[in-house]
Amino acid sequence: MIELYLLLILMILGAIIALESRNLLSAIISLGIVGFGLTLIFLVLQAPDLAIVQIVVETLSLIILIAAILKTTREDTTEEWGAKKIFLYLGGLAFLVIFLISVKGALKFLPPFGEPLMRMAGPYLKLGLEKTGAANLVAAVILDFRGYDTLGEAAVLFTAAMGVIAVLRKIGRKN
Amino acid sequence: MKGMTLIVKTIARLISGLIFLYGIYIVLHGHLTPGGGFAGGIIIAGAFVLLILSEGSKKASSEIKKQRASVGESSGIFIFWLLAMLGLFTGSLFFLNLLPKGKAYHLFSAGIIPLCNIGIGLEVGAALFAIFITLAVLKTGEKK
Amino acid sequence: MIYYLLSMLLFLIGLYGVLVKRNLIKIIIGLVLMEYATFLFLALVGYKKGGTAPIITKGFEKAVFVDPLPQALVLTAIVIGLATTALLVSIAVRIYQRYGTFDIREIRRLKG
């Protein structure tokens, strides 16, 4: 699957630019490359539900981040170059190599790409339609077989929204 | 945030209704086609966000809108919880799908799943709209 | 195998951003990158060769489907990710209003 390789490399390049850019606005737009690349990867991996959610979430999160940037500052003044930075990069590279080698050992215990175990999903696929009556099996899983997860997720979303409203409130603040 | 020009305002007013309608379609058909409460709720929030971005945040700056969004959020999660408790009230399990399943591949099927989708769509849409409106109307005063 | 390693690489880039960068917005970007790498990994684990999306259509009840379980996990996690990002951004905006900078060294120095 050559398109998957291309999209992954594009996403990694976008991630590096997003972290290393001096201008915060261009950093956020490069983050958009990663998010929309993820959308395309979900489409390639046969997950249209995830693609729909991801494309809308990415748009909204870019709007939220850009709104925060426009209200504050656009320049990243914390970047500095020198011998310290080179040591930092070398150390990061060494850590990367060690981590990837150890992950390669751990990934041997996963089933190979393209052949999932599906021990749990087999009954869902076989009995999902007659037990729940929903043709979309992802909806059947999140709202019927695994409803507890979704209830907890809704509670987390509610708490996060309350947190945003409480942090950014106007009433009762001194400044 | 300031509002945009007249062309953008007119087009945004025309389009946001269509986006809202599409979100409702995605929510209602969540058990048949890709989508569901999460995707549809965010699309519904996006319709309002488009309107506020084009009109400028002055029109949105009333506290009433935030309170309404908060009420919608709370009622959405309450609907979902009630549907989950429906099983307990009738003397069986939590989250039991006890409504009739109906004919497969039809809009009115799958028991409580479409109703749960509506509750989740309301909750997600209202929560994200509340988050956006609090960030949009925030006034950044002079630095200390 | 290479796909898994590339998604791990994306995760590590996000981790680098969280650990090394000194700008609050850059730290938030690093956290978002780590989230995306996790979603990518879960979606890769559930893929089946030659499978179609797990949505049954009339007449194709016996088709080969990809695993719906990781997709259901990721679907809820994406929306939570957006809400937590918004919470982080709002806290960062409040910090900027108080201290006039996104630099975490300055914020530490100005404590109290």
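**Briefing: helices, core and chain contacts**

Gln46(A) sits in the loop that links H2 and helix H3 (48-71) of chain A. The model is a predicted one.

- Although Gln46(A) is not a glycine, its phi is positive, at about 60°.
- Is Gln46(A) buried or exposed? Gln46(A) counts as buried, because 22 C-beta neighbours lie inside 10 Å and the cut-off for a buried residue is 20 or more.

**Helix H1 of chain A**

- Helix H1 of chain A covers residues 2-20, which is 19 residues. At 1.5 Å a residue it should span 27 Å, and the end C-alpha atoms are 27 Å apart, so the two values agree.
- The buried residues in H1(A) are Leu7(A), Leu8(A), Met11(A), Ile12(A), Gly14(A), Ala15(A), Ala18(A) and Leu19(A). These residues lie on the same side of H1(A), because they cover an arc of only 165° around the axis.
- An α-helix has 3.6 residues a turn, so residues three or four places apart point the same way.
- Exposed residues Ile2(A), Tyr5(A) and Leu6(A) are carried on the face of H1(A) turned away from its buried side.
- The packing partners of the buried residues of H1(A) are helix H2 (24-44) of chain A, and helix H1 (2-20) and helix H2 (24-45) of chain C.

**Helix H5 of chain A**

- Helix H5 of chain A runs over residues 121-132, and its buried residues are Ala121(A), Tyr124(A), Leu125(A), Gly128(A) and Thr132(A). Their arc around the axis is only 100°, which puts them on the same side of H5(A).
- The face of H5(A) turned away from the buried side holds the exposed residues Gly122(A), Pro123(A), Lys126(A), Leu127(A) and Glu130(A).
- Buried residues of H5(A) pack against helix H6 (137-145) of chain A, H4 of chain B and H3 of chain C.

**Domains of chain A and the nonpolar core**

- Chain A is divided into two parts, domain 1 (1-77) and domain 2 (121-175). The C-alpha centres of these two domains are 24 Å apart.
- The largest nonpolar core has 128 residues, and within it Val53(A), Ile42(B) and Leu10(C) touch the most other members.
- Which helix gives the largest share of this core? Helix H4 (residues 113-136) of chain B does, with 15 residues.
- Both domain 1 (1-77) and domain 2 (121-175) of chain A give residues to the core, so the core lies between them.
- Not counting residues up to four places away in sequence, Ile42(B) touches Val53(A), Val56(A), Val57(A) and Leu60(A) in chain A, and Val124(B), Gly125(B) and Leu128(B) in chain B.

**Chain B**

- Chain B has 4 helices and 0 strands, in the order α-α-α-α from the N terminus on.
- Of the 144 residues in chain B, 41% are buried.
- Among contacts in chain B between residues at least 6 apart in sequence, 70% join residues at least 24 apart.
- Ala69(B) is part of helix H3 (residues 63-89) of chain B. With 24 C-beta neighbours inside 10 Å, Ala69(B) counts as buried.
- Leaving aside neighbours within four places in sequence, Ala69(B) contacts Ala126(B), Phe129(B), Ala130(B) and Ile133(B).
- Ala69(B) and Gly125(B) are 56 residues apart along the chain, and their C-alpha atoms are separated by 8.6 Å.

- The contact of chain C with chain A takes 66 residues from chain C and 73 residues from chain A.
- H1, H2 and helix H3 (68-99) of chain C each supply at least two residues of the side that touches chain A. The largest share of that side, 23 residues, comes from H3(C).
- By class, the side of chain C that touches chain A has 47 nonpolar, 11 polar and 8 charged residues.
- The contact of chain C with chain B takes 11 residues from chain C and 13 residues from chain B.
- On the side of chain C that touches chain B, the classes are 6 nonpolar, 3 polar and 2 charged residues.

Terms used:
Residues are numbered from 1 along each chain as its sequence is written. Chains are lettered from A and ligands numbered from 1 in the order in which they are written. This is a predicted model: local features need pLDDT of at least 70, side-chain atom pairs count only at pLDDT 80 or more; totals for chains, interfaces and linings use all residues. The expected span of a helix is 1.5 Å times one less than its number of residues. A residue is buried if 20 or more other C-beta atoms lie within 10 Å of its own, exposed if 12 or fewer, and partly exposed in between; C-beta atoms are placed from the backbone. The arc is that of the directions from the helix axis to the C-beta atoms. Two residues are in contact if their C-beta atoms, placed from the backbone, lie within 7 Å. A nonpolar core is a set of buried Ala, Val, Leu, Ile, Met, Phe, Trp, Tyr and Cys residues joined through C-beta atoms within 7 Å. Domain bounds come from an automatic or database domain assignment. Ala, Val, Leu, Ile, Met, Phe, Trp, Tyr, Cys and Pro count as nonpolar, Asp, Glu, Lys and Arg as charged, and the others, Gly among them, as polar.
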